[in-house]
Each structure stands twice: as structure tokens, then as C-alpha cells.
Amino acid sequence: MSESQMILQQLSEATGVSGDEQDVRSVVLNAIRACVDDLRIDSIGNILAVKRGKDENGVRVMVSAHMDEVGFMVVGHNGDGFLKFRTVGGIDARILPGASISVGPKRLPGVIGVKPVHLLKSSDEAEQVAKVDDLMVDIGAKNKSEAEKLAPLGTYATFASHFRELGPCVSGKAFDDRAGCAILIEVLRATEALGCELHAAFTVQEEVGLRGARVAAFAIDPECAFALEGTIADDLPKDKPGTSPTTELGKGPAITVMDRSFIADRRLVRLVTGTAEELGIPYQIKQPGIGGTDAGAIHRSRGGVPSITLAVPCRYIHSPAALMNLADFGRTVRLLRESLSRLTRDTLRREP
Ligand SMILES: [Zn+2]
């Protein structure tokens with residue numbers, strides 16, 4: 001396994017539900033400490049790192065990737081020792097029954113309970129999707145007081161998943177957005193300095209409303225920004241002929257021109273697509289109008305920040321096991337790096 005893959009594995013297996021990112025923060029800090037010129041953790045937990053460029057007057061560019069992942073929080077205990085929970089961030093209730101999860105900082109094993117198929121009373125019942133409010137986590141506690149002791153109110157939980165290699169792909173939890181974190185780490189660790197002044201922001205609480213990126217962008221006050229993501233690939237057997245998938249695995253980095261949170265700056269879209277075409281790096285335009293990223297908060301910071309989102313396509317995001325093609329990952333690292341190396345103030349000059 002390459003070093004970059006090992007870092008990706010550590011990032012994927014670290015737990016970091018929104019507001020509880022410290023495990024991820026420590027993996028990131030270990031990976032970048034030796035290769036940045038300035039490093040600090042801000043008041044709400046974002047990692048802000050600076051890598052100065054060759055040119056003293058280079059463009060001040062923010063590149064962000066969020067450290068948090070979707071997960072669960074304990075909100076109650078019932079008399080039999082089961083845990084009631086809420087989801088933190090967007091999780092589809094259909095994938096929950098029977099899922100293995102890790103509860104709390106000691107990673108207690110837990111299972112989201114499910115009624116055995118033998119006991120379903122009718123075909124109607126088999127087709128119903130259980131609501132999150134009706135589901136419980138079983139941690140093997142004997143009774144309510146033991147459950148309260150092991151997992152008090154407010155305890156976080158995540159999917160319990162392992163990182164695995166599957167041919168040209170890898171699978172694991174939280175590639176949204178640990179893939180982005182790993183890309184940003186790779187770019188910071190590359191030995192050759194860029195022309196621009198690179199402000200890396202590993203942000204918190206994206207999945208609950210782009211909260212970390214908002215304060216990070218204010219503090220950095222960048223001239224332009226790139227948000228990195230692990231994004232939706234829905235290139236599955238098509239049930240609706242005629243609709244194009246959001247993105248597809250194996251077709252290179254996905255460039256966002258518009259999603260629900262922002263419209264990408266056209267000058268940056270031209271920079272990135274032009275760089276890809278010049279170097280023969282395959283890329284795809286993410287189907288417009290879907291999802292949202294940290295760029296949604298960054299572009300509205302202060303007097304406005306021209307922004308773009310670059311993402312690695314991942315199947316099954318926000319589930320226990322996303323799937324990502326390693327060639328797409330490598331091409332995203334290269335496209336980001338090469339785009340940054342071509343970024344100058346001319347790129348950002350506004351045509352009349
Ligand atoms: Zn994300």
C-alpha cells in the first residue's frame with residue numbers, strides 16, 4: 001500500500017462526526033506538520049495551514065476539505081437498555097437497520113436493531129421503511145442505567161467500517177470528505193513550491209451547514225478558493241433512461257459549475273478545464289444543481305470570494321461503505337496541483 005493510500009485509510013477509519021473531529025484532526029496534523037510554513041487550530045476546530053509560494057506576491061488561495069462525516073448522536077435510553085438516536089447530517093433511513101456502528105470515544109460495538117424477516121406480519125410490513133425515531137441501537141446493555149453509563153446523552157456514533165481494496169477501487173466510510181482531506185494533504189506534501197500562497201483549511205461541521213468553512217474563509221480572507229469533495233457518483237444500473245448521472249467512477253475529477261450552495265466562478269472553471277485539457281487529464285462536469293459544499297459558505301465571505309469545487313466521484317456516499325476509483329483520486333490531486341501552479345492574478349482579472 002502506498003503512503004498516500006495509508007493516510008487515506010487512517011482518515012477513513014478515524015471517527016469524526018460533525019463537532020467531534022479531533023481524531024481526524026490528529027491524522028491531518030501528523031501528515032502535514034513537517035511540510036507547512038504555518039499551522040494553527042482555530043477557535044472552532046478548523047486546521048488552518050499555510051504553504052508559502054515561490055512568488056512573494058502570489059495569489060492568496062484557500063483550499064478547503066471538511067474533516068467531519070455524517071453519523072449519529074444518542075438522544076435517549078429505553079427501559080431495556082437500548083439507545084435512541086438522531087442522525088447528524090443527511091443519512092438515508094433505509095440503510096440503517098442491521099448496520100454495525102461504533103459508539104462513543106471507546107468505540108463500543110453496537111448494532112442498529114432490525115426485526116427478523118421471519119417475524120414480518122405481511123408483505124406490506126416488509127416494504128415499509130422504518131423511521132429513524134423508531135430505530136434503536138443495541139450495545140448489549142442489560143438495562144437503562146447500564147446503557148446510560150456506557151453511552152450518556154450526547155454520545156456520538158459512527159458506522160463501524162474498515163477500509164478495503166477492491167481492484168482499482170477502495171471502499172470505506174466517510175470518503176465524503178476524507179478523500180478531499182487526503183488530496184489536500186498530498187498537495188501540501190509535494191516538495192515543489194507553487195507560485196501561489198496556499199492556505200489549506202481542514203474544516204469542521206460541513207455536514208450540518210458549512211459552519212467551519214464560514215469562519216475559516218473570514219479568517220483567511222482569500223482572493224479565491226477551491227473546495228475539495230468526495231461527491232455523488234450514481235453511475236449505477238440506470239432505472240431512468242435519459243437522465244445523466246451526477247458523476248461517474250473512472251472518468252476523472254468532477255468539476256462543479258453550479259450546485260444548491262453556489263455557482264462556480266467561470267474564470268476558475270476555465271482555469272481548471274483548460275489545465276485538464278492541456279495535460280490530457282480526463283475530467284467531468286458534475287450534473288448541475290445537486291448537493292452543496294464548503295464553497296457555498298466561502299464564496300459569500302466578506303466581500304465575496306471567487307470559488308470552485310473539485311471532487312472525486314464516490315459511489316454510496318453517506319453510507320457505511322463508499323467506493324472510489326484510485327485513478328480518479330490521483331488525477332484529482334494532479335489537476336488541483338497543476339491548476340494552482342497556473343493560477344495568477346491574470347486568471348482572476350474580470351473582463352469588462
Ligand atoms: Zn462533503
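1. Strand β1 (residues 38-41) and β2 run antiparallel, joined by 4 bridges. Pairing here takes at least two DSSP bridges between two strands; helices (H or I, at least four residues) and strands (E, at least two) are DSSP runs, numbered from the N terminus. Keep in mind that this is a predicted model: local features need pLDDT of at least 70, side-chain atom pairs count only at pLDDT 80 or more, and totals for chains, interfaces and linings use all residues. Residue numbers start from 1 along each chain as its sequence is written.

2. Staying with that pair, Arg40 has Leu48 in β2 as its bridge partner. The two strands form a hairpin with 5 residues between them, and Gly45 in the turn has a positive phi of about 105°. β2 also pairs with β12, antiparallel over 5 bridges, with Ile47 partnered by Phe202 in β12. Of the 5 residues in β2, 4 are buried. Buried means 20 or more other C-beta atoms within 10 Å of the residue's own, exposed means 12 or fewer, and partly exposed is in between, with C-beta atoms placed from the backbone.

3. Have a look at Gly58, in the loop between β2 and β3. Is Gly58 buried or exposed? It counts as buried, because it has 20 C-beta neighbours inside 10 Å. Gly58 and Leu194 are 136 residues apart in sequence, yet their C-alpha atoms are 8.8 Å apart in space. Leaving out residues up to four places away in sequence, Gly58 touches Gly53, Gly195, Cys196 and Glu197. A contact means C-beta atoms, placed from the backbone, within 7 Å of each other.

4. Helix α6 (residues 211-220) is mostly covered, with 8 of its 10 residues buried.

5. Strand β14 (residues 254-256) is antiparallel to β16, with 3 bridges, and Ala254 stands opposite Ala311. Strand β17 (residues 322-325) is antiparallel too, over 2 bridges, with Cys314 opposite Met324. β16 and β17 make a hairpin with 6 residues between them, and Tyr316 in the turn has a positive phi of about 60°.

6. The largest nonpolar core has 75 residues, of which Val28, Val61, Leu184 and Ala225 touch the most other members. A core here is a set of buried Ala, Val, Leu, Ile, Met, Phe, Trp, Tyr and Cys residues joined through C-beta atoms within 7 Å. Helix α5 (residues 175-189) gives the most to this core, with 8 residues. Leaving aside neighbours within four places in sequence, Val28 is in contact with Ile47, Met67, Cys181, Ile185 and Phe202. Another core, of 21 residues, lies apart from it and includes Phe72, Val88, Leu96 and Val137.

7. The chain is divided into domain 1 (3-69 + 173-342) and domain 2 (71-159), with bounds from an automatic or database domain assignment. Their C-alpha centres lie 32 Å apart. In the interface, 11 residues of domain 1 are in contact with 11 of domain 2.

8. Finally, some backbone spots to check by eye. Most residues other than glycine have a negative phi, and most peptide bonds are trans. The bond joining Asp176 and Asp177 is cis, with omega about 15°, and Asp177 is found in helix α5. Asp221, in the loop between α6 and β13, has a positive phi near 55°. Asp221 is partly exposed, with 13 other C-beta atoms within 10 Å.

Methods. Contact = placed C-beta atoms within 7 Å.
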